[in-house]
Amino acid sequence: MRRALDAAREATENALPNPRVGCVLLAPDGSEIAVGAHRGAGTPHAEVDALTRAGERARGATAVVTLEPCNHTGRTGPCSEALVAAGVARVVYAQDDPNPVAAGGADRLRAAGVDVVNGMLAAEAEALNVAWTHAVRTGRPYVTWKLAATLDGRSAAADGTSQWITGPDARLDVQRLRARCDAILVGTGTVVADDPRLTLRDDEDAPLPYARQPLRAVMGERTIPADARVRDADAPFLHLPTRDVDAALATLAQREVRHVWLEGGPRLAGAFLGAGRVDEVVAYVAPTLLGAGTAALSGSGIGTLADAVRLDLTDVTRIGPDLRLTAHPRKDVL
C-alpha cells in the first residue's frame with residue numbers, strides 16, 4: 001500500500017477536482033507486475049493505468065489501491081468493471097470513497113467474486129487527499145488561509161507598504177503551495193489596491209513550470225477594473241459579487257473547486273474565520289518588527305480571549321530567514 005501511496009504522490013501534486021490515487025498490481029507470488037496512478041481529470045484512473053501496463057499479466061493478480069475503485073461512468077468508465085474484466089482476483093484498498101456517486105465499487109467487486117479487503121493505511125490515504133475528501137464530504141471547498149506577517153503580527157507598515165515582508169525563498173514556497181489548490185481567492189479591495197496577477201510566477205515575473213494555473217476568484221461587491229491584471233488571459237478568472245462567505249463557497253463548489261487558497265486582506269480573512277470556514281492556516285512569519293501598521297487579521301468578531309480561535313500547530317519549517325507555520329483550527333472550536 002505504501003508503494004501505491006508513493007505512486008500517487010509521484011504522479012502529480014494536484015489532480016483536483018479529482019483525488020490523487022495510486023495502484024499496484026501484484027502477482028500471486030507477491031512480485032510487482034505494474035504500477036499506475038491518476039494524473040488529473042480526463043486521464044486514466046490509477047487502476048486502468050496499472051491494468052494497461054500489465055496487460056494479460058493482470059489475470060489472477062491482486063490490485064492494491066489507495067481509494068475504493070469507482071463504480072460510475074464519468075469522463076472514464078468504472079474501475080470496478082475494469083478490474084473484473086481484467087480477471088483480477090483480489091483488491092485491497094485504503095480509503096472508502098466518500099462520493100456517493102462513485103462509491104459502491106467494493107460491493108460490485110464482491111458480487112463478481114473478487115476478494116476485497118478495505119481499510120489498510122486508510123488514514124494515510126485520506127491525508128493524501130485531505131482537501132478533496134473534505135470537499136466531497138461537506139459540499140464546500142477546503143479553505144487554506146495564507147498570511148505573511150512580521151513577528152509582531154503586522155501585514156503592512158503604517159504607510160501601507162507590504163512588499164516584501166518575507167524573503168524570496170518564502171515567496172517561492174507560496175507559489176509551490178498555491179499550485180496544490182484549484183482556486184486563489186482575494187477580495188475586491190486587494191485587487192483595486194494592489195492589482196495582483198494571482199498566477200503562479202517567480203520573483204522575476206516568469207511563469208513557473210506547473211501543469212495549470214488555479215482559478216483566480218475575487219470576492220466582493222465593488223467593480224473590478226476592466227484592465228485589472230486578474231482579468232488577463234494567463235489564468236481563468238471569476239468575480240463573486242457577494243460578501244457572504246457561504247454563498248461564495250457554494251458558487252466555487254458548483255464549479256468543482258475543491259481547495260481554496262485564501263490570500264485576501266485581513267478583513268476577508270476575518271470574515272472566513274468568523275464564519276468558521278478556515279480549515280487550515282499557513283502563516284509565514286518574518287523576523288521583522290514594525291511596531292505599527294495593518295494587523296494580519298481583523299473583522300473576525302473575536303472580542304475577548306475566551307472567544308479566541310485555538311489552533312493545533314502541525315508543522316514549523318524554516319524557509320530562508322522566515323518561518324512557515326501550518327496549523328488547523330481545533331474541531332471543538334469551529
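How close do the axes of helix 2 and helix 3 come, and at what angle do they cross? In this predicted model, the two axes come within 9 Å and cross at roughly 25°.

**View 1. Helix 2 beside helix 3.** Here we look at helix 2 (residues 46-54) and helix 3 (residues 79-86). Angles under 35 degrees count as roughly parallel, and helix 2 and helix 3 are therefore roughly parallel to each other. The crossing of helix 2 past helix 3 is left-handed.

**View 2. Residues between helix 2 and helix 3.** From helix 2, E47, V48 and L51 make contact with C79, A82, L83 and A86 of helix 3.

View 3. Five strands form an open sheet in the order 2-1-3-4-5, and their pairing is mixed. Strand 2 (32-37) and strand 5 (115-118) are the edge strands, each pairing on one side only. On average, neighbouring strands of this sheet are turned by 15° against each other, direction ignored.

**View 4. Strand 1 alongside strand 3.** Strand 1 (residues 22-26) and strand 3 (residues 62-67) run antiparallel and are joined by four bridges.

View 5. Helix 1 (residues 2-11) lies across strand 1, strand 2 and strand 3, and runs at about 40° to strand 2. Helix 2 also lies across strand 1, strand 2 and strand 3, running at about 140° to strand 2.

How values were computed. Residues are numbered from 1 along each chain as its sequence is written. This is a predicted model: local features need pLDDT of at least 70, side-chain atom pairs count only at pLDDT 80 or more; totals for chains, interfaces and linings use all residues. Side-chain values use heavy atoms; hydrogens and water are left out. Axes are lines fitted to C-alpha atoms, for helices over the stretch in contact, and angles run from 0 to 180 degrees between N-to-C directions. Helices (H or I, at least four residues) and strands (E, at least two) are DSSP runs, numbered from the N terminus. Angles under 35 degrees count as roughly parallel, over 145 as roughly antiparallel, 65 to 115 as roughly perpendicular and the rest as oblique. A crossing is left-handed if the near helix is turned anticlockwise from the far one by less than a right angle, and right-handed if clockwise. Contact means heavy atoms within 4.5 Å. Two strands pair if DSSP finds at least two bridges between them.
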